[in-house]
Amino acid sequence: MTTETAKKPSVLFVCVHNAGRSQMAAAFLTTLAKGQIEVRSAGSQPAEKVNPAAVEAMSELGIDMSAEIPKILTTEAVKESDVVITMGCGDECPYFPGKRYEDWVLEDPAGQGVDAVRPIRDEIKTRIEGLIDSLIPASK
């Protein structure tokens, strides 16, 4: 354990394939929170690779997700997180009392081109900004 006065809040983003929405959300939170929040993402049925249209849409904003790899959702990842944000994984996400759970209803970018992914990306960015404000009230 570190000797910080307060533990950093931690957030886990979960979607089925961990290839689009949860990866974009994690990349935005990592970038915008500037190290003040611990970030994880996972999927209940991870894809082989991150959605290329999501990678392209994020690179347009200067965020590189090209090295990210979809990860399997584990009970440990949920236990270690303060906030769990699901994006369409339904009942496959384990529930632990005392955690903050949110379900973000977002269109699935799987199989869509970058033009269809941009509005999803922009909606995620708006939600991430609100999430940061709720976790680090003095961030502005």
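This briefing walks through the sheet, the helix packing and a few individual residues of the structure above.

The model is predicted, so local features are described at pLDDT of at least 70 and side-chain atom pairs count at pLDDT 80 or more, while totals for chains, interfaces and linings use all residues. Residues are numbered from 1 along each chain as its sequence is written, and side-chain values use heavy atoms, with hydrogens and water left out. Helices (H or I, at least four residues) and strands (E, at least two) are DSSP runs, numbered from the N terminus.

- Four strands make up an open sheet with parallel pairing, in the order 2-1-3-4; two strands pair if DSSP finds at least two bridges between them.
- At the edges sit strand 2 (38-43) and strand 4 (100-103), each of which pairs on one side only.
- On average, and with direction ignored, neighbouring strands of this sheet are turned by 20° against each other.
- Axes here are lines fitted to C-alpha atoms, for helices over the stretch in contact, and angles run from 0 to 180 degrees between N-to-C directions.
- Six bridges join strand 1 (residues 10-15) to strand 2 in the parallel sense.
- Within that pairing, Val11 stands opposite Val39 of strand 2, and Leu12 stands opposite Arg40 of strand 2.

- Strand 1 is largely enclosed by the rest of the structure, because six of its six residues are buried (buried means under 20% relative accessible area, exposed over 50%, partly exposed in between, with a 1.4 Å probe and protein chains only).
- In a regular strand, side chains alternate between the two faces of the sheet.
- Here both faces of strand 1 are covered: Ser10, Leu12 and Val14 are buried on one side, and Val11, Phe13 and Cys15 are buried on the other.
- Helix 1 lies across strand 1 and strand 2, and runs at about 160° to strand 1.

**A closer look at Leu12**

- Leu12, a residue of strand 1, counts as buried because its relative accessibility is 0%.
- Beyond its neighbours within four places in sequence, Leu12 is in contact (heavy atoms within 4.5 Å) with Arg40, Ser41, Ala42, Leu73, Ala77, Val78, Ser81, Val83, Val84 and Ile85.
- Leu12 and Asp82 are 70 residues apart in sequence, and their C-alpha atoms are 8.0 Å apart in space.

**Helix 4 and its two partners**

- Helix 1 (residues 21-32) and helix 4 (residues 114-135) have axes that come within 9 Å and cross at roughly 45°.
- Helix 1 and helix 4 are therefore oblique to each other; angles under 35 degrees count as roughly parallel, over 145 as roughly antiparallel, 65 to 115 as roughly perpendicular and the rest as oblique.
- The crossing of helix 1 and helix 4 is right-handed; a crossing is right-handed if the near helix is turned clockwise from the far one by less than a right angle, and left-handed if anticlockwise.
- On the helix 1 side, Arg21, Met24, Ala25, Phe28, Leu29 and Leu32 meet Val117, Ile120, Arg121, Ile124, Lys125, Ile128, Glu129, Leu131 and Ile132 of helix 4.
- This contact of helix 1 with helix 4 has 11 nonpolar, no polar and four charged residues; Ala, Val, Leu, Ile, Met, Phe, Trp, Tyr, Cys and Pro count as nonpolar, Asp, Glu, Lys and Arg as charged, and the others, Gly among them, as polar.
- Helix 2 (residues 52-59) also has an axis that comes within 9 Å of that of helix 4, crossing at roughly 60°, and this pair is therefore oblique.
- The crossing of helix 2 and helix 4 is right-handed.
- Ala53, Ala54, Glu56, Ala57 and Met58 of helix 2 meet Val114, Val117 and Arg121 of helix 4, a contact with six nonpolar, no polar and two charged residues.

**Loops around helix 1**

- Most residues other than glycine have a negative phi.
- Asn18, in the loop between strand 1 and helix 1, has a positive phi near 50°, and Asn18 counts as buried at 0% relative accessibility.
- Lys34, in the loop between helix 1 and strand 2, likewise has a positive phi, of about 50°, but Lys34 counts as exposed at 70% relative accessibility.
- Ala19 lies in the loop between strand 1 and helix 1 and is buried, with a relative accessible area of 9%.
- Leaving aside neighbours within four places in sequence, Ala19 is in contact with Ala47, Lys49, Val50, Asn51, Ala54 and Pro70.
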